[in-house]
Amino acid sequence: MKISEQRAGARPRARGTERSLARRAELIAIGRKLFADTSYDALSMDDIAKQARVAKGLIYYYFQSKRGYYLAIIHDSVADLVSFAASGVELEQLDRVHRTMESYLRWAEHNQAAYRTIVSGGVGFDAEVQAVRDGVREAIVATIADGAYGRTDISPLARMGLFSWVCGVEGAVLDWIDRPSLTRDQMRELLVKNLGGSMRAVEELDPAYPAPAPARRDT
């Protein structure tokens, strides 16, 4: 399931008026700020209602539960990240990769609690949050494949090469936000160079997928 579909599916079916949708979006925006650096378990519904300055019943009305509210926040936040990563098709390959990684790192840096939740699999062991994580992975793989090879329907070997790089990025970024000993610029450059190594490995095993010029050592 795509992130955009998950995001749409999380909306209440019977509350389609412009006013209710605007109110719901406002609550999600508030929640994104509340949960940016605070874990799911650290805030009760009473805490959320107090900090958001709304009645607790209003949150239940739109999201049915604390978990529903948190998942809606994650869907909304991640959808913005994926949309941004997939844009910029007019840029050169290397510029697009840098832009994608810059936006990814900025999002992780400013939404640390949500990032930990998504990468670790969710609230406890949450299949829906795992689906969000899988959607982000596939979106990043598709973005890189489109920029590098001009298409997203790539071979299993090429996909696995990019997918393994994305999984490595997740682990590295988790460590980075916990121990930010590198600047964001340093982290971005390191991850981009690691991507070049993955692409050269793919080319070596499957010459039908040559590494783009920016990833080659002889250019």
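# A tour of an all-helix model

A search of the whole structure finds eight aromatic pairs, where rings of Phe, Tyr and Trp (its six-membered ring) pair if their centres lie within 6.5 Å. The model is predicted, so local features need pLDDT of at least 70 and side-chain atom pairs count only at pLDDT 80 or more, while totals for chains, interfaces and linings use all residues. Residues are numbered from 1 along each chain as its sequence is written, and side-chain values use heavy atoms, with hydrogens and water left out.

**The whole chain**

Start with a cartoon view. The chain has 10 helices and zero strands; both are DSSP runs numbered from the N terminus, helices being H or I with at least four residues and strands E with at least two. From the N terminus, the elements read α-α-α-α-α-α-α-α-α-α. Of the 219 residues, 48% count as buried. Buried means under 20% relative accessible area, exposed means over 50%, and partly exposed lies in between (1.4 Å probe, protein chains only). Among contacts (heavy atoms within 4.5 Å) between residues at least 6 apart in sequence, 65% join residues at least 24 apart.

**Helix 2 against helix 4**

Select residues 18-34 and 56-63. These are helix 2 and helix 4, whose axes come within 11 Å and cross at roughly 110°. That makes helix 2 roughly perpendicular to helix 4, a label for angles of 65 to 115 degrees; under 35 counts as roughly parallel, over 145 as roughly antiparallel and the rest as oblique. The axes are lines fitted to C-alpha atoms, for helices over the stretch in contact, and the angles run from 0 to 180 degrees between N-to-C directions. The crossing of helix 2 and helix 4 is left-handed, meaning that the near helix is turned anticlockwise from the far one by less than a right angle; clockwise would be right-handed.

Now show side chains. On helix 2, Ser-20, Arg-23, Arg-24, Leu-27 and Ile-28 meet Leu-58, Tyr-62 and Phe-63 of helix 4. By class, this contact of helix 2 with helix 4 has five nonpolar, one polar and two charged residues. Ala, Val, Leu, Ile, Met, Phe, Trp, Tyr, Cys and Pro count as nonpolar, Asp, Glu, Lys and Arg as charged, and the others, Gly among them, as polar.

**Helix 3 against helix 4**

Met-45, Asp-46, Ile-48 and Ala-49 of helix 3 meet Lys-56, Ile-59 and Tyr-60 of helix 4. The residues of this contact between helix 3 and helix 4 divide into five nonpolar, no polar and two charged.

**Loops on either side of helix 4**

Select Arg-53, in the loop between helix 3 and helix 4. Arg-53 has a positive phi of about 60° although it is not a glycine. Arg-53 is exposed, with a relative accessible area of 79%.

Then pick Gln-64, in the loop between helix 4 and helix 5 (66-86). Gln-64 also is not a glycine, and its phi is positive at about 70°. Gln-64 is exposed at 53% relative accessible area.

**Aromatic rings**

Tyr-61, Tyr-62, Phe-63 and Tyr-69 form one aromatic cluster. A pair of aromatic rings is described by the distance of the centres and the angle of the planes. Planes under 30 degrees apart count as stacked, over 60 as edge-to-face and the rest as tilted. Phe-63 and Tyr-69 form a tilted aromatic pair, 4.8 Å centre to centre with 45° between the planes. Both Phe-63 and Tyr-69 are buried.

Next, select Tyr-104 and Tyr-115. They form an edge-to-face aromatic pair, 5.8 Å centre to centre with 90° between the planes. Tyr-104 lies in helix 6 (residues 93-110) and Tyr-115 in helix 7 (residues 112-120), so the pair ties together parts that are 11 residues apart in sequence. Tyr-104 and Tyr-115 are both buried.

Stay on helix 7, which is mostly covered, with seven of its nine residues buried. Those buried are Gln-112, Ala-113, Ala-114, Tyr-115, Thr-117, Ile-118 and Val-119.

**Helix 8**

Finish with Ile-144, placed in helix 8. At 4% relative accessibility, Ile-144 counts as buried. Leaving aside neighbours within four places in sequence, Ile-144 is in contact with Val-97, Leu-162, Trp-165, Leu-195 and Met-199.

Gly-147 is partly exposed, with a relative accessible area of 21%. Gly-147 and Leu-94 are 53 residues apart in sequence and 8.6 Å apart in space, C-alpha to C-alpha.
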